[in-house]
Number of protein chains: 2
Amino acid sequence: MPDLVRGNAAIGQSGGPTAVINQSLVGVVEGLRSGLHASGHVSKILGMKHAVRGLTKGEFHDYTDTHQDVLDRLAFTPSAGLGSTRDKPDRAYCERILESCKKHDIRYFFYIGGNDSSDTCRIVREMAVASNYDMRCFHVPKTVDNDLMENDHTPGFPSAARFVAMACMADFMDNISLPGIKINVIMGRHAGFLTAASALARRFDRHLNPHVQGESTDGPQLIYLPEVPFETDRFLADVEAIYSKKGRCHIAVSEGICDASGTPIGATLIKGGQVDAHGNVQLSGSGALGDQLSDLIKAKLTPAGGKPPRVRADTFGYIQRCWPDTSPIDRLEARRSGQFAARLAMQGDLDGSVAIKRPGSGSRLWLGMDNGAPYVSEYQRVELSAVAAKTRHMPKEFIQGHNNVSREFVEYALPLVGSLPTFERM
Amino acid sequence: MPDLVRGNAAIGQSGGPTAVINQSLVGVVEGLRSGLHASGHVSKILGMKHAVRGLTKGEFHDYTDTHQDVLDRLAFTPSAGLGSTRDKPDRAYCERILESCKKHDIRYFFYIGGNDSSDTCRIVREMAVASNYDMRCFHVPKTVDNDLMENDHTPGFPSAARFVAMACMADFMDNISLPGIKINVIMGRHAGFLTAASALARRFDRHLNPHVQGESTDGPQLIYLPEVPFETDRFLADVEAIYSKKGRCHIAVSEGICDASGTPIGATLIKGGQVDAHGNVQLSGSGALGDQLSDLIKAKLTPAGGKPPRVRADTFGYIQRCWPDTSPIDRLEARRSGQFAARLAMQGDLDGSVAIKRPGSGSRLWLGMDNGAPYVSEYQRVELSAVAAKTRHMPKEFIQGHNNVSREFVEYALPLVGSLPTFERM
């Protein structure tokens with residue numbers, strides 16, 4: 001039997017919510033109930049209301065005896081059921097967190113979130129160690145941006161990618177029906193994974209279907225990621241080349257596209273844009289980037305004395321991260337990530353972050369499409385410091401040129417999003 | 001046997017596409033194949049590419065012998081498979097339409113679209129009669145706006161309403177999780193039905209659940225329709241009242257909201273906004289209205305020397321009309337509307353528009369929720385002139401005050417959208 005401490009457990013959900021973050025919450029609760037609670041080491045299983053913000057005020061929801069039916073319903077509910085926060089705790093804030101943990105005899109601390117959340121977890125753990133308070137801290141991954149180090153992918157991403165793929169499939173059909181230039185602005189401040197998922201919308205694409213010859217014909221025909229410096233002139237030339245040939249053009253753009261100096265294109269365009277506690281300029285919840293790109297295209301492509309082309313921009317906004325029709329793999333993996341964190345605590349680990357790995361990543365063995373081999377993922381403990389406050393970007397092999405993704409990316413992402421509808425094509 | 005003419009049939013899809021407009025296309029094809037084609041009166045079943053625009057150029061897709069599997073797949077494909085157009089034919093244009101119909105021996109003309117399309121149908125029919133050319137013209141209803149006279153509702157609306165309800169359910173949960181002021185801008189230039197469907201997102205609402213006491217607690221708490229004059233000061237006071245009490249506020253706004261003089265609030269705000277052939281200012285495909293309302297709220301609610309509240313706006317855009325997860329009732333009704341139009345032609349009718357009726361509308365007998373009675377709809381022929389170029393608005397009994405819908409509206413719309421997910425609530 002490992003050396004285990006006795007006391008209460010607390011679970012928080014931090015940062016932007018996802019459609020499956022409650023699966024992870026329920027996973028931790030289930031893992032604790034069948035493990036440390038059953039063994040008598042954990043008395044109460046407490047949910048922090050609005051994450052560390054509620055924790056410092058002693059505001060909890062008690063899950064110790066919640067009926068399994070309620071837990072299952074909660075798991076299928078999108079967005080953070082406990083409430084979330086954008087607070088980024090500094091040292092003084094972390095002191096208050098630790099103080100509250102001591103007051104409520106919290107000995108197991110679980111935090112579901114992205115790279116900022118894993119950093120909070122790391123700092124709190126270090127301060128607990130420094131003050132000789134035995135509290136074990138575990139981070140459970142969550143982010144639609146898919147930008148956590150050490151992870152093949154993160155819970156939340158597959159479902160958001162599914163939304164993006166479905167939306168782009170439908171929107172491409174719309175754009176064929178009433179031709180014009182259509183821009184879809186997609187979430188992802190620093191990492192382009194979610195914008196890249198727009199490529200899954202291409203049904204008649206040699207990336208997806210080896211029987212299709214030549215270049216993709218389906219949209220989006222142009223994909224702009226934050227990892228590739230955005231040059232306005234090159235962008236306009238790309239659009240013009242396709243529009244002049246086809247009379248239409250379908251474009252996916254990350255909200256986080258930057259120029260060569262790293263300045264976000266969107267940030268400079270948003271009047272009165274807000275800056276959050278992390279120093280990030282507001283990118284979502286505004287149509288400014290899409291509208292500005294539309295204006296640039298109209299200015300460039302309107303013939304002298306003629307009519308401007310039909311240009312439209314939709315910014316997918318918050319619904320892409322909480323859309324209820326989630327990826328089945330995402331639901332399972334989010335749940336199991338939470339259960340795995342509780343198991344680490346049961347095994348006597350003192351801290352760590354859960355990472356999702358895909359055995360055989362890099363080979364194509366796992367790609368069901370090609371040889372019928374099922375998709376398989378597994379969970380590992382990694383150091384908090386390996387994930388904390390770091391950002392993973394799209395690897396080079398996922399990017400093709402300055403406006404596309406590679407077949408490798410499609411093979412990586414396709415198994416994650418669940419079945420996509422089959423459309424007929426005229 | 002009615003007096004029937006012999007020749008070819010042509011089918012077009014006009015105006016904004018929907019997620020089920022191909023169901024109607026396939027419905028007409030099926031109805032013709034088992035009717036007038038089987039009886040030998042119709043030789044070829046032709047689809048007009050991009051509606052009357054392709055018709056005048058003699059551009060067709062031949063559906064006479066298309067395999068049923070292809071038709072079924074087409075039916076489940078969102079957006080107009082034949083391509084659409086925004087052309088609004090004038091008299092000279094209609095002359096060219098008629099000329100092309102004569103050239104291709106088209107004797108049965110089917111047009112799937114909204115009120116402008118039924119008007120085209122009416123004019124073409126009148127010109128055919130005037131020139132002694134026996135061509136029978138039928139209009140099949142389609143519009144996400146739900147603004148056709150004579151119809152209980154129109155194909156395309158239930159699926160778009162389903163999208164709006166799902167999006168608002170998820171977005172309300174997001175707004176609870178990270179509180180702030182959230183605006184959702186929803187399609188509907190003149191009619192508020194689609195914006196009103198946001199009310200279906202309220203799960204804990206006495207409109208939906210008689211066991212819930214008092215006022216709705218779920219969002220959207222405020223709903224602004226084009227039928228009710230929009231007053232900026234009243235809007236800001238509404239938002240402030242809810243925000244000051246709850247620390248958050250969820251708002252649904254129609255893109256078509258107008259001031260007391262009938263001037264659209266959005267139109268004045270969109271820089272370089274485009275005007276289409278119908279004289280309509282571009283409202284969709286831009287985030288301008290949402291961003292402008294956000295700015296107004298920030299200006300009003302920022303305390304002197306303090307931080308502005310968190311305000312976000314998402315404009316649902318084109319994905320709401322072509323989202324692939326459609327309402328089952330909508331799919332069936334769109335298909336049957338097309339089949340019914342073909343049946344009218346088989347019966348010897350010379351023209352007409354198909355209208356969906358709901359027996360017992362006005363009573364609550366049809367509301368499955370209350371007494372288990374199944375939802376029933378039926379199809380009738382109405383005069384083209386009763387639908388053509390007219391707009392149906394939200395009836396008074398569907399509107400409550402200046403910022404809400406009534407229980408009657410919820411009872412009307414709920415059976416149409418299909419099952420909605422059950423969310424747990426904290």
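# Two chains, one axis

Modeller: Chain A has 14 helices and 13 strands. This is a predicted model, where local features need pLDDT of at least 70, side-chain atom pairs count only at pLDDT 80 or more, and totals for chains, interfaces and linings use all residues. Residues are numbered from 1 along each chain as its sequence is written, while chains are lettered from A and ligands numbered from 1 in the order in which they are written.

Colleague: What makes a run count as a helix or a strand?

Modeller: Both are DSSP runs numbered from the N terminus: H or I over at least four residues for helices, E over at least two for strands.

Colleague: And what makes a residue buried?

Modeller: It needs 20 or more other C-beta atoms, placed from the backbone, within 10 Å of its own. In chain A, 56% of the 426 residues are buried.

Colleague: Which residues count as being in contact, and how many does each chain bring?

Modeller: Two residues are in contact if their C-beta atoms, placed from the backbone, lie within 7 Å. Chain A brings 52 residues and chain B brings 52. On the chain A side, α6(A) gives the largest share, 9 residues.

Definitions and conventions
A residue is buried if 20 or more other C-beta atoms lie within 10 Å of its own, exposed if 12 or fewer, and partly exposed in between; C-beta atoms are placed from the backbone.
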